[in-house]
Amino acid sequence: MDFFHVIVVLLESTIRVSVPLIFAALAGLFTERAGIFDIGLEGKMLGAAFAAGAVAAVTQSVWMGLLAAILISVALSLVHGYASITQRGNQIVSGVAINFIVAGSTVILGEAWFRQGGRTPALGEGSRFQTITFPYADSIREIPILGPVYSDLLSGHFLLTYVAFAMVPISWWILYRTRFGLRLRAVGENPGAVDTAGISVIWMRYRAVICCGILCGFAGAYLSLAMTAGFVKGMTAGKGYIALAALIFAKWRPFNIMLACLLFGFLDALAIRLQGNPLPLIGQVPVQLMQALPYILTVILLAGFIGKAIPPKAGGVPYVKER
Amino acid sequence: MSSPYAKLPGWVEYGLIPLVNLAVAFLMAGLVVLLVGENPLEAAYHLINGAFGRGEYLGFTLYYATTFIFTGLAVAVAFHAGLFNIGGEGQAYVGGIGVALACLWLDQTMPWFVVFPLAILGSAFFGAAWAFLPGWLQAKRGSHIVITTIMFNFIASSLMVYLLTRVLKPLGSMSPQTRTFAEGGQLPKLDWLLAIFGLDIGTAPFNVSFLLALVAAFCVWLLIWRTKLGYEMRTMGHSPSAARYAGMSESRITVITMMISGALAGMMALNPIMGEQGRMQLDFVQGAGFVGIAVALMGRSHPAGIIPAAVLFGMLYQGGAEISFEMPSISRDMIVIIQGLVILFAGALENMFRPAIARLFAASSRRAAVVAQTKGA
């Protein structure tokens, strides 16, 4: 195996691992830009993954699975919205609660409905996403450099992978080039001013929360309908928190989010690759260090040692009219 | 933080409202049991019987409660200063190093009452050290404590996997854990305490650290309501600007509060490591750091509320195990759901029923006034 081939394989798995992170981090972008902290990304993703796996297994339709994922994730988002917008509850407490409720229910319901130890049944060809092969991908694989890049890196991914990368410019466009985006960002910075302009802060925030739910639905569906064939309990395994770390690392900006997710995905892919193989110059690196690196980097960033991460000003504060 | 709601009598504020929230959480959990296709009343029976039905069950309930008193106090102390320490999980995990080091060092030569104080110091030290950095980063660099403590949970988990698979594991052993401690590293059980009530503790690991938890609860009460530092913490939690205006050092209070909180979370490690397993295993915390959030919310951050709330969660853990034994289609994960619902209703939605209860109250007190008037006339 030559060096170039290793790089291509590594980048390919980087892309595969990054997709749910990109969806979830963009989901967090929408709520946090509207002033609502969301540490429930993990729970929403897990709930969506379960709904997708369960419904796709029962209906044998991948699209019904995706739809179910989005519906469940939006429903969970609305619970978070109700608690933190209407009831002005603590947003962090609400997020923690959602993570718990979903972690427990997916196991209990999965076991009760399918009796496979909390898994959903393995999905067949029609009920999961298939990889898309670009035209001529097989015939030009032998061409050096261009071949592997086109055939292995660009082609051969799931539809949702391309959707995820397309969502990056789309999110940017929505947030920075539409009236909705302008208002959404304003609600996160200075809700009082938005209210004065005659726009409902509450309704804006609910819409932001719904956007978050839809994107988390995609993230969950990718996990159980594309990456693997079916739901396995606890399958998000902290990806929601990594997405949150990526969101902060990217300083709440869409294109930076993509880069941060790719970086964290790359670290993950590298950690798997390096298991047991010493690195040149540095020697044996503990896998655990690689796994902890995204979190460590985020802490260092938050401390302001590599630039300052400034969150939206009104983040975490419920809006009370007429104070 | 001024409350936009009308003032209610103490027993409503600290008794009725938490109870209503709790009841709703349990009703929702009952719905999940229905979805699974089981009878919620039967589950409730197994839950209560499994938690208190026998001396042994009660011993397990109190064993779990011990753990949750520590983590609940940890969250509560930080709450009082307006800090949300979500990192109890990591702090408790790292606190385990202190316990393990004390035990591995002295267990073969010293009796438990010599090892125990050292283990307490060790666990508190390591827990505090793990909480120091997030506290310091918040105080000096303005990084948000919630985010840093979440990150520190994950870093702690990676660190402990590394330590247990490479450093602390005895040679030739395959499983990631320390060696089993000799007698000096194991805490005596509190069988005599339950024997007073004529109960037999059986195999339950209810141990001396329960008494330590009660002492810790008393000390937290002293700290928060009877010391200058506690006053400063409450002032800061209530109004940071008032604290600043009164000349209190915000960064000093933040760092000290977080270290006390971390120390309390770290002491949780004594219970499972020295009290039950007699060795440090991977993932011995098992989410207790997060349960602490629910316990602190339920107990309104007061030690007198935290102890019953911790017993309630101990009951859930022990009773939940019995449910999963008696009703196989319900696994132990039911506890996780109930926990989440309690956090949701007692924490994020705590004010949902308040307006209704307040109205009810206003109406009944008005009626009482009318009755008094007519009697007088």
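A:Tyr295 counts as buried because its relative accessibility is 5%; buried means under 20% relative accessible area, exposed over 50% and partly exposed in between, with a 1.4 Å probe and protein chains only. The model is predicted, so local features need pLDDT of at least 70 and side-chain atom pairs pLDDT 80 or more, while totals for chains, interfaces and linings use all residues. Residues are numbered from 1 along each chain as its sequence is written, chains are lettered from A and ligands numbered from 1 in the order in which they are written, and side-chain values use heavy atoms, without hydrogens and water.

Over all chains, the structure holds 22 aromatic pairs. Rings of Phe, Tyr and Trp (its six-membered ring) pair if their centres lie within 6.5 Å; planes under 30 degrees apart are stacked, over 60 edge-to-face, and the rest tilted. A:Tyr295 and B:Phe154 are stacked, because their ring centres lie 4.4 Å apart with planes at 10°. This pair crosses between chains, from helix H12 (residues 287-302) of chain A to helix H6 (residues 145-167) of chain B; helices are DSSP runs (H or I, at least four residues), numbered from the N terminus. B:Phe154 is partly exposed, at 21% relative accessibility.

B:Trp11 and B:Phe361 form an edge-to-face pair, since their ring centres are 5.7 Å apart and their planes at 65°. B:Trp11 lies in helix H1 and B:Phe361 in helix H16 of chain B, so the pair ties together parts 350 residues apart in sequence. B:Trp11 is exposed at 57% relative accessibility, whereas B:Phe361 is partly exposed at 22%.

Terms used:
Helices (H or I, at least four residues) and strands (E, at least two) are DSSP runs, numbered from the N terminus.
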